Structures are given as C-alpha cells and as structure tokens.
Amino acid sequence: MKFLYQPWPWYVAGPLIGLVVPALLILGNKPFGISSTLKHICASCIPNKVPFFNYDWKKDSWNFYFIGGIILGAFLANIVFGNTGKVKISYETTRDLLQLGIYKYNTLLPMEIFSWKGLFTVRGFVLIVVGGFLVGFGTRWGNGCTSGHAITGISNLQWSSMVATVCFFAGGLFATHALLPLILKIGQKVSTGGLNINF
Amino acid sequence: MKENIKYIAAGTAFGFVLTKAEVISWFRIQEMFRFQSFHMYGIIGSAIAVGMVSLYIIRKYNIKTVEGETILLEGKKFNKGFVYGSFLFGIGWAFTGACPGPIYAQIGAGFLVSVVLLLAAVAGTFTYGYYRDKLPH
C-alpha cells in the first residue's frame, strides 16, 4: 500500500505506459493517441462548418471515456493517494530554474506560473495560453503527440513518427534554451516590478 | 456506457501512472529538455520498448481483440506538417510542461488552471482546422 502513496520510478511507469498500446488494441482495436481528443472536442462542442471537423465524431466517442478515466486516475494519484508533493528534480535543474526566477518547488507545477494568480502575469499567460495553443495547433498539424507518434508510432516502426518525435525535441530544446530565459525573466520583471518595467 | 467502461478503466490506469511518475510535472519536462536527468528518457524509452514488443507479439501470434476481430494499426502517411507542426508542439510542450495526456491529468490532479490550458489547446486545434488548406502539408 505504501507504494501507492509514493512517486514511481521510470522503470515501473514506462513499461506500464507502454502496455496502454496493446491494451487499447485488444480492448477494441483502438490506436493509443491523445491529441486527437482535442479534434473530437472541436467537432462535438463547437458549432462550425469547417470541413475538417465535420465527421461522425460519435464513432470516436470512446476517446471521451478514456479522457474521463485519465482525469479520474490523476485525481486518485495526486489527491486520494497523494504524494508528498515536492518533485525531486536534479540539483542542476533547480539551480538553472532559480536563476530564471522560479522559486516555488512544493508541488508538481511551479505555482507562481500555473495558478490563477500566475495566469494573469505576462510569463504565466505566455506559458499557459500561448503554450497551450501551440500544443493544440502543433499536434494537429503534425498529426500526433507523444502518445500517438513517440510511443505508438515508433513502436509500430513508423519512420514518419520518428521524424515527428525528433521535431518535438527540436522545438522543446529551442523553447527551453532560447525562448524560456527571455519569457521567464521579462515576465518576472513585469509581474514583480510595478515601477521598473524593463524590457 | 457499459461498453465504454473498459476505456474508463484504461484511462484511469494511464492517468494514475502519468501522475505517480510525475510525467505531468513542468519540472520533469524542464529537466528532460536540459538533459539533467534520465527519468523522462527512461519512461519514454521503456514505454516504446514495451509497445514494440507487444505489437510484435500481437502480430506474430495473430492475437485478436476481445470481440474476436483482427487487430489493425495503420501507419500515418508522412507530410511536411509532421515537421512544422511537431516543432511547434515541441515549443508548447516546453512552455506548458504538458503534452495532451498530461493536460487532462493536471486537471484531475487538482491544478484547475490547466482548464485554461486545455481551452487554449482546443483553440489551437480549431485554428489549425480553420486554416488547414492554407498551411503546407
């Protein structure tokens, strides 16, 4: 039981995530891929005449049950069987992020950004809203995300998914090393500054 | 509903593992993109290895679905969007610390501001659909 309350190491979590691929196939011939759920939300919840969203989304309604399960599972993992909260990231990461003005390390996400208060700061808005937009736009343009391309696609020996995964990492490295230092610092000055707004 | 309970169960297991392994943590994604820990590489790498072996076994022994159907997993045909779109998604992944699965998991884990993240992602997908014909593929 104690195991349920602790963070899990990669060698337990990774293989279990890999098993979702055969599980969904055996349960109902469903391909594992989450970003398509965003498309189904557009098709089912937003009244529109865009051809891309005019299809029989009800055939893919199993996706909504799967999402519901993800939300429930995360609730169980973090609230019912809650962790101690603090993520044991490496010393180097903490050091680098401190320099970028991230000071709160007591939950899974940095609360100065990923909170209602943080949302209304420049850096919070850019990371949450612009970042979220890019996730939705990019995964659909690229026809998949980490689950559909990196895990399912590469497992299925698709070179196109390998290319997509390399591009995920290229984008992530560019954002982390070139964009985030600017966004986190500018945003911090605006949100804490008041008088000395310095771009 | 009854027929979809199995997908709720699979989703629950997936969401539980994502959260317990801290895959939904912005800190873990930063650590990954800074090459400062093996954690995320271990998770993605071992998930791919298990997925690959599973698909091999399914094909070799012609394992059927619970309903007795032949299992089919189609590949995705490459186009230029795989490069441009995936690069933009990578930026979004580093910004938010979440790919689509973890967005839902963050909401379930109690980070309700991620509802805004989800709405932004839906807006992004909708914008793609709207301008699809004008984008290179």
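Trainee: How many residues of helix α5 (residues 100-108) of chain B are buried?
Mentor: This is a predicted model, in which local features need pLDDT of at least 70, side-chain atom pairs count only at pLDDT 80 or more, and totals for chains, interfaces and linings use all residues. Residues are numbered from 1 along each chain as its sequence is written, and chains are lettered from A and ligands numbered from 1 in the order in which they are written. A residue is buried if 20 or more other C-beta atoms, placed from the backbone, lie within 10 Å of its own; helices are DSSP runs (H or I, at least four residues) numbered from the N terminus. Helix α5 of chain B is mostly covered, and its buried residues number 9 of 9.

Trainee: Which helices of chain A do the buried residues of α5(B) pack against?
Mentor: Among the buried residues are B:Ile103, B:Tyr104 and B:Ile107. Within chain B, the partners are α1 (5-20) and α6 (114-131). In chain A they are α3 (36-45), α4, α7 (122-141) and α8 (146-155).

Trainee: Which helix supplies the largest share of the side of chain A that touches chain B?
Mentor: Two residues are in contact if their C-beta atoms, placed from the backbone, lie within 7 Å. The contact takes 107 residues from chain A and 97 residues from chain B. The largest share on the chain A side is 16 residues, from helix α4 (residues 62-80) of chain A.

Trainee: How far apart do the C-alpha centres of domain 1 and domain 2 of chain A lie?
Mentor: Chain A is divided into domain 1 (1-82) and domain 2 (85-199), with bounds from an automatic or database domain assignment. Their C-alpha centres lie apart by 21 Å.

Conventions
Helices (H or I, at least four residues) and strands (E, at least two) are DSSP runs, numbered from the N terminus. A residue is buried if 20 or more other C-beta atoms lie within 10 Å of its own, exposed if 12 or fewer, and partly exposed in between; C-beta atoms are placed from the backbone.
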